[in-house]
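Welcome! Take a moment to look over the sequence and the model, and then let us walk through a few of the details together.

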Amino acid sequence: MLKTIKKFLGLLGLGACCLMLAPSGAAAHGEKALEPFIRMRTIQWYDVQWSREKLNVNDELVITGKFHVAEDWPRGVPKPDATYLNVSSPGPVFIRTERYLNGQSSVSSAALKLGGDYDFKIVLKARLPGRYHLHPFFNLHDAGAVMGPGHWFEVAGDPATFTNQVKTLNGDMIDMESYGLANGVAWHAFWIALGSAWLLWWVRRPLFLPRYKMLQLGQENALITPLDRKIAVLMLAGVPLFVFGAQAMTDRQYPNAIPLQAGMDQIEPLPAAVNGLVKLKVQRAEFNVPARSLTIVAQIHNASDQPLQIGEFATANVRFLNPGVGPSREGDKDTLIAPQGMSLDSADPIQPGETRTVRITATDSLWQRERLDGLIRDADSRLGGLLFLYDANGQRHIASVSTAIIPTFN
Ligand SMILES: [Cu+2]
């Protein structure tokens, strides 16, 4: 039995070493690390925009965008009952000053509704000079972070000029960069000193083995002196007294203190932006692995009063465009675009009231570069995304796509 366990542990160790040695590309900050089915079928970002890309310290950056919460949420991922919209950055290089979900100011976590549509606005202020890649992202409780599209920003200027003044509810102006800093350092220093002194007091004595020996020989009385007892009693009574005393003083000094908020914002989704006048039913979807090509055969019903053309398929921040349909992409610096990535079996617009079966192909090496082709090895090989359709006036309709995928290898 013991032998079997040892063998098992040995194999486990070997496995861990192999995993550590296995070659893997470095992903910037985990954009591609999450399983494809989570990136494609949870938060579906679109229309993400940045107000500017070159800033000075203290300048404001506004990130806006929209997302659709997939109705075909993966079974293996906890439902989005506690989520937090944030911006990923390499350290505290910006501060976040405002955040809105569907126009409502929101500072807490929020519960999202499956199939719901939301727009967001995040206001940041540049703090440290440098060149940074930022993404809006959602922290999903128990599932991880789902990244939105990323963008490079350049911050110039002098970090010493950064200001972060806040007016408290009492009307005091405080500087958030230094407020309470001395107090925090003093408390840490005090506890580190007291804790180290207490440890040193005992560590300088005979430790484990000599102590054990003395115990065996019946000399335990020599191990603890009367002075030790006095100091121990002092610690036992003194530390709680000190803590309660300091707490009472703080309470008197700041009578109107508000605890850190742990509530949940309740935010209603927007009236259906996705799946409004265009209904889509997937009949078959294949992913050709060597060709990095997805083919979807879908029945699309156009309930709008204008002929519609399919212009884009977006999944996990990768966008496959049908050239010539939809708004011009000139000057668009999005790196995850396949400008010629989409082709259709028929270029004819879908007429108002028509239901047509369309064959949509999305081909690009981005499937592999963004590690979305790993989908076929998931236990849940389903794909999700958004299909964008446009009428002649540029009016956009969005349909969500969700389907099981059949892989092909030639
Ligand atoms: Cu990035």
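Let us begin with arginine 371, which counts as partly exposed because it has 19 C-beta neighbours inside 10 Å, while a buried residue would need 20 or more. Keep in mind as you look that this is a predicted model. You will find arginine 371 in the loop between helix H6 (366–369) and strand S22 (382–390). Its backbone deserves a glance too: arginine 371 is not a glycine, yet its phi is positive, at about 55°. As a rule, most residues other than glycine have a negative phi.

Look for aspartate 142 between strand S9 (130–140) and strand S10 (144–147), in the loop that links them. Is aspartate 142 buried or exposed? Aspartate 142 is exposed, because 9 other C-beta atoms lie within 10 Å and the cut-off for exposed is 12 or fewer.

Strands of a sheet pair through backbone hydrogen bonds, and they can do so in a parallel or an antiparallel way. Here, five strands make up an open sheet with antiparallel pairing, and their order is S1-S3-S8-S5-S6. At the edges sit strand S1 (43–50) and strand S6 (104–105), each of which pairs on one side only.

Within this sheet, follow strand S5 (residues 94–101) and strand S8 (residues 117–126): they run antiparallel and are joined by seven bridges.

Conventions: Residues are numbered from 1 along each chain as its sequence is written. This is a predicted model: local features need pLDDT of at least 70, side-chain atom pairs count only at pLDDT 80 or more; totals for chains, interfaces and linings use all residues. Two strands pair if DSSP finds at least two bridges between them. Helices (H or I, at least four residues) and strands (E, at least two) are DSSP runs, numbered from the N terminus.
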